[in-house]
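Please look through the sequence and the structure shown here before reading on.

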Amino acid sequence: MAGLIKREDIDAVRERVDLREVVEQYVTLKGAGIGSWKGLCPFHDERTPSFHIRPHVGTYHCFGCGESGDVIAFLMAMEHTSFQETVERLAHKAGITLRYEDGGTGPTKQEIGRRQRLLDAHKIADEFFQAQLQSPEAQIGRDFLTGRGFTREHAEQFSVGFAPKSWDALLKHLRSKGFRDDEELRLTGLFSEGNRGLYDRFRGRLIWPIRDMTGNTVGFGGRRLFEDDKGPKYLNSPETQIYKKSQVLYGIEMAKRNIAKKRELVVVEGYTDVMACHVAGVDTAVATCGTAFGEGHVKISRRLLSDDGGGGEVIFTFDGDEAGQAAALKAFKEDHMFLARTFIAVGPEGMDPCDVRQHRGDEAVEELIRSRRPLFEFAIRAGMKDYDLSTVEGRVGALRYAAPVVASIKDSALRPAYTRELAGWLGMDMDEVSRAVSRSHGQAPQMGGGPRRRQQRPDDGGGERVRRPDARRPGVSRAEPHRTASRQQGPPEGGPETSWDVPEDVYVDGPPPEAFGPEGHGGAVAGQGSEPQGQHFPRPDTRDPAVMMERQALEVILQHPTRLTAEQWEEIFTVRFTAPAHAAVHAGIRSAAASATDPRNWVSAVSDEVPQPLRSLVGELAVAQLPARTEDDVEVYCQSILNRLVELQITHQKADLLGRLQRMDPTDDPEEYQRLNREVMELERRRRALRAEE
């Protein structure tokens with residue numbers, strides 16, 4: 001049984017995995033000072049590098065869009081994997097054995113090894129199939145692609161391959177690569193078994209690799225090419241340890257960043273439809289692999305869309321035939337699981353996206369997506385075709401069918417509008433329809449039932465397509481991979497008038513980013529508990545010299561905690577910070593210092609202790625460039641800043657004492673008066689000693 005990973009093991013992953021090594025797989029980095037690197041931010045479009053990392057503290061921060069976090073947060077954001085999946089992946093890479101809370105377990109070394117062997121086999125098979133597409137035997141496959149408007153470059157882009165008609169071509173190839181155990185080969189799902197043993201599952205077929213979110217090939221889909229092939233038109237890999245149809249979407253590894261950036265997911269039906277969409281510029285298209293779009297696919301989609309109620313669209317494209325309509329209605333049943341808006345796009349004359357591109361060009365594919373209409377509207381109109389609206393019984397049956405669909409519309413502004421539309425479609429009194437919708441609230445829509453149409457008539461049912469006046473495909477480039485397009489970009493740059501706010505609502509899956517301003521991915525990883533509600537943190541005004549001093553001190557403490565002596569830590573603990581945001585970070589530092597053991601976990605530990613909206617500020621402070629060119633300069637700067645901070649604290653304390661002395665009559669309590677004078681003199685001595693150290 002899976003369980004929560006022990007915190008100390010998560011910390012060990014952060015300590016052992018090099019942030020720079022991971023980031024450089026996605027970002028070209030250049031040196032930016034002592035221990036600092038920078039590059040173009042992978043979370044938003046920019047021309048000037050504003051993305052900074054400090055490997056020795058294990059933190060990244062973008063000064064353009066406000067994204068912050070550690071190595072776990074970064075990989076989660078780039079690969080769209082869950083927290084546990086990411087930690088397990090990094091732990092395997094670092095050779096760390098994870099432990100789990102409450103007797104839970106994770107994958108064993110044997111399971112990890114078996115999984116890796118399956119992935120290796122699929123990688124070799126993928127390369128084998130792609131190479132075979134250039135063989136003379138594969139001419140029929142190349143002709144198939146050409147006939148659908150795809151070039152050799154397109155085939156290479158989507159790694160399309162060909163399986164020879166031989167019964168054991170792939171089997172021999174894998175055995176030549178060291179896969180000799182029949183049991184091991186059987187587990188791959190690449191082979192079937194007969195009286196004489198194993199034989200190739202895919203033979204004489206055009207092959208598409210099915211890859212997971214991280215780009216690993218986990219299965220294949222094969223299209224029949226030869227007339228003597230009596231198998232199904234499309235044949236997919238069976239489910240294996242690495243391939244679960246309900247958890248994989250074809251094309252997801254190519255589309256994931258565009259889906260997250262545009263907050264748009266286009267679901268098509270076939271492999272060539274995905275190819276056609278991407279070639280035509282609809283680069284958010286994916287397809288299910290021989291199964292209906294279900295709950296597992298919804299989870300993947302929501303993760304990519306950051307489906308938190310702040311926007312996002314899911315657009316289904318289905319053939320106009322009966323099977324396509326049935327698939328659309330099946331998708332509608334899953335609609336309630338999305339907070340994003342769901343739409344359907346049906347091609348002209350029932351054509352799928354590949355046909356549309358082949359016969360009408362790339363622009364027609366984009367037009368198909370732009371012509372989408374709400375999925376619930378499609379469900380209403382499609383279901384009403386089953387009722388004879390010329391009879392009272394038919395209209396009542398259609399109302400009973402459609403009322404729960406309208407009642408299920410999440411947008412409270414659209415619900416009454418579609419209630420009026422439904423009344424018009426049915427030719428019934430508005431009040432009667434409105435009452436039916438109200439009674440149906442909370443009732444699951446039923447796909448069918450009731451009095452059926454006795455005879456299909458060409459002028460009944462579907463009617464003309466109703467297009468939303470704003471139905472256009474969103475193409476706005478966003479500031480990061482899974483937030484709304486309208487989100488503010490980066491940390492506020494103004495003075496005290498800007499702020500971070502903790503929202504009043506508590507969200508199960510994390511708060512909406514709009515409520516927090518520039519929240520980074522690091523908050524999503526580090527923050528596991530709920531935060532106090534209603535906190536307000538004005539953006540510190542660094543035009544105030546004292547506030548600027550506080551910021552510089554926090555930068556030093558976060559970036560170079562090991563440079564502080566025990567005496568300096570004691571001083572820092574007692575310093576009073578005036579800016580509320582700085583004071584909250586300072587409080588987090590004091591709490592984190594009680595348990596932090598490794599510098600690479602230091603920033604993450606502090607992030608855990610501060611309110612959610614300030615985690616981006618912690619990341620910002622942790623990567624801010626210090627005015628130093630050498631290690632000696634860093635040491636001098638750190639000590640100077642810390643001394644000045646303590647001096648500022650002494651100045652505040654001295655001013656308080658002098659105020660008390662001025663208000664006292666020395667004759668009333670001469671001993672107290674003398675004690676306060678001695679404290680003032682001691683503070684002045686400490687202040688001069690700090691100045692002498694500089």
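**Cysteines, a cavity and a sheet**

At 1% relative accessibility, cysteine 65 counts as buried, a word that here means under 20% relative accessible area, with exposed meaning over 50% and partly exposed in between (1.4 Å probe, protein chains only). This is a predicted model, in which local features need pLDDT of at least 70 and side-chain atom pairs count only at pLDDT 80 or more, while totals for chains, interfaces and linings use all residues. Residues are numbered from 1 along each chain as its sequence is written, and side-chain values use heavy atoms, with hydrogens and water left out.

**Cysteines**
- A search of the whole structure finds zero disulfides, a disulfide being a pair of cysteine sulfur atoms within 2.5 Å.
- Cysteine 65 is in no disulfide, and the nearest cysteine sulfur, which belongs to cysteine 62, lies 3.8 Å away.
- Cysteine 638 also counts as buried, because its relative accessibility is 0%.

**Second largest cavity**
- The second largest cavity has a volume of about 50 Å³.

**Sheet**
- Five strands form an open sheet with mixed pairing, in the order S13-S12-S14-S15-S16, where strands (E, at least two residues) are DSSP runs numbered from the N terminus and two of them pair if DSSP finds at least two bridges between them.
- The edge strands, each pairing on one side only, are S13 (285–287) and S16 (373–374).
- Strand S14 (residues 313–318) runs parallel to strand S15 (residues 341–346), and six bridges join them.
- Glutamate 313 has arginine 341 in S15 as its bridge partner.

Note on methods
On a 1 Å grid over the protein atoms alone, a cavity is a set of points where a 1.4 Å probe fits but cannot get out, and a pocket is an open set with protein on both sides within 12 Å along at least five of seven lines; lining residues have an atom within 4 Å of a point. Grid points are joined across faces, edges and corners, and a volume is the space filled by probe spheres set on the points. Helices (H or I, at least four residues) and strands (E, at least two) are DSSP runs, numbered from the N terminus.
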